[in-house]
Amino acid sequence: MVAQPVTLTRRRRDPLDLARLTPAGKRAWFEAPAYADFAAIADFSADRYAITTVPLAGIAGASAAALRVKRAASFAELIAFTCSSGPARSYLDAQGVMRADLAADQPRFDWTNGRRQLALNGASANLLLNSAAPASQSLAVTAQSYALSFTGTGSIALSGASSAGPLAGAGAASRVSLVFTPAAGTLTLTMSGDVRLAQLEANSFASPYIATVGAAVSRAAETAELSPVLEALLQRSAATLAVRGQRLERNAARIVGVNGTSSLLRAQSNRLSVLMDGSAQLATAAGADLRMSSYAAACAFDGTGRSVARNGVAVVTDTGSPPSSRGSVYLGRDAANTATAYGDGWYEYLGIAPTRLSEGKIQEIILY
């Protein structure tokens with residue numbers, strides 16, 4: 001008996017399915033069920049980004065299903081980052097080494113908290129001279145909040161315009177800080193022992209170190225504006241926005257701000273609640289201090305109302321509307337560049353869905 005030839009046929013893959021496979025034959029990370037509801041994802045910690053395949057001109061009229069089809073993208077396709085300061089911005093690299101080698105307009109990815117995060121800070125200036133290893137010095141100060149900080153085992157005594165302190169070191173590699181309000185006049189800082197990377201700034205907290213030599217050095221504010229595609233997603237009549245971050249340093253800090261002084265997400269003045277501006281302020285119940293820990297926050301809206309949430313507390317809703325002017329959208333600040341409300345801190349993740357997600361879904365995406 002002669003065996004008959006057998007013809008093998010292969011099932012033709014759907015072209016869209018092929019487009020979603022990596023060269024190794026696995027689905028792209030953004031096709032995982034956890035990301036199914038989103039049209040844009042910025043995962044700063046993992047350095048991976050995804051964006052809707054719908055072009056900018058078609059976003060306003062596209063269906064939610066079409067907007068949820070994503071492709072891999074770059075950081076620059078999601079965030080327009082600007083900062084005129086380069087080396088004045090310091091950061092810890094993955095090996096724990098402090099570096100100050102950034103070019104102007106280069107984002108600052110920092111490992112201070114043990115993982116890769118996008119660090120954002122407002123403007124500040126280090127008033128101390130020769131900050132790497134400073135000698136005792138006197139400076140003119142005004143009656144406002146100042147933050148003094150240094151690394152080392154020594155101490156700094158304050159006299160003249162303030163008797164606060166002294167500020168004592170906590171270890172060779174530990175940074176300590178003291179926030180105080182002097183009288184207007186001359187402040188004398190007396191250094192003793194191992195005092196390194198010292199900084200005095202007119203601020204309510206110790207911001208990242210700014211190196212100086214023979215003169216004070218200023219650091220410009222860092223601006224992370226969402227790209228036109230992401231802004232268009234949030235300009236639709238329905239959307240959900242989720243952010244994860246760590247240590248919001250200021251009271252009333254903006255997490256995601258828009259035109260003027262309004263915000264889609266910001267901290268209340270006590271930093272225990274997250275709220276949304278718009279037709280009225282919609283605030284969550286109190287949770288852990290946003291300055292002391294990691295957090296996740298979300299807001300959602302459509303034509304029937306809006307929701308806001310933060311990890312650890314229930315979603316709250318009302319029938320109000322979000323800020324009406326959303327032509328510009330920023331991570332960590334608003335369009336007014338209000339110095340006292342800048343969202344100084346570390347950011348890990350941003351996601352935008354093209355619909356108002358249910359309360360259950362919102363609770364899922366803010367689990368931390």
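Me: Which residues line the second largest pocket?
Reply: The lining of the second largest pocket consists of A34, Y35, F38, D43, S45, R244, E348, Y349, E364 and I365. A pocket is an open set of points on a 1 Å grid where a 1.4 Å probe fits, with protein on both sides within 12 Å along at least five of seven lines; lining residues have an atom within 4 Å of a point. The model is predicted: local features need pLDDT of at least 70 and side-chain atom pairs pLDDT 80 or more, while totals for chains, interfaces and linings use all residues. Residues are numbered from 1 along each chain as its sequence is written, and side-chain values use heavy atoms, without hydrogens and water.

Me: Which elements give that pocket at least two residues each?
Reply: These are β28 and α5 (359-365).

Me: And the largest pocket, what lies closest to its centre?
Reply: Of its 29 lining residues, T112, R175, A206, R247 and W346 are the closest to the centre.

Me: Which strand supplies the largest share of that lining?
Reply: β14 does, with six residues. At least two residues each come from β5 (91-92), β14 (171-180), β16 (196-201) and β28 (345-353).

Me: What does its side chain pair with?
Reply: The side chains of S307 and R356 form a polar contact of 2.9 Å, the cut-off for such N or O pairs being 3.5 Å.

How values were computed: Helices (H or I, at least four residues) and strands (E, at least two) are DSSP runs, numbered from the N terminus. A polar contact is a pair of N or O atoms within 3.5 Å; within protein, one must be able to donate a hydrogen and the other to accept it, and residues adjacent in sequence count only if both atoms are side-chain atoms.
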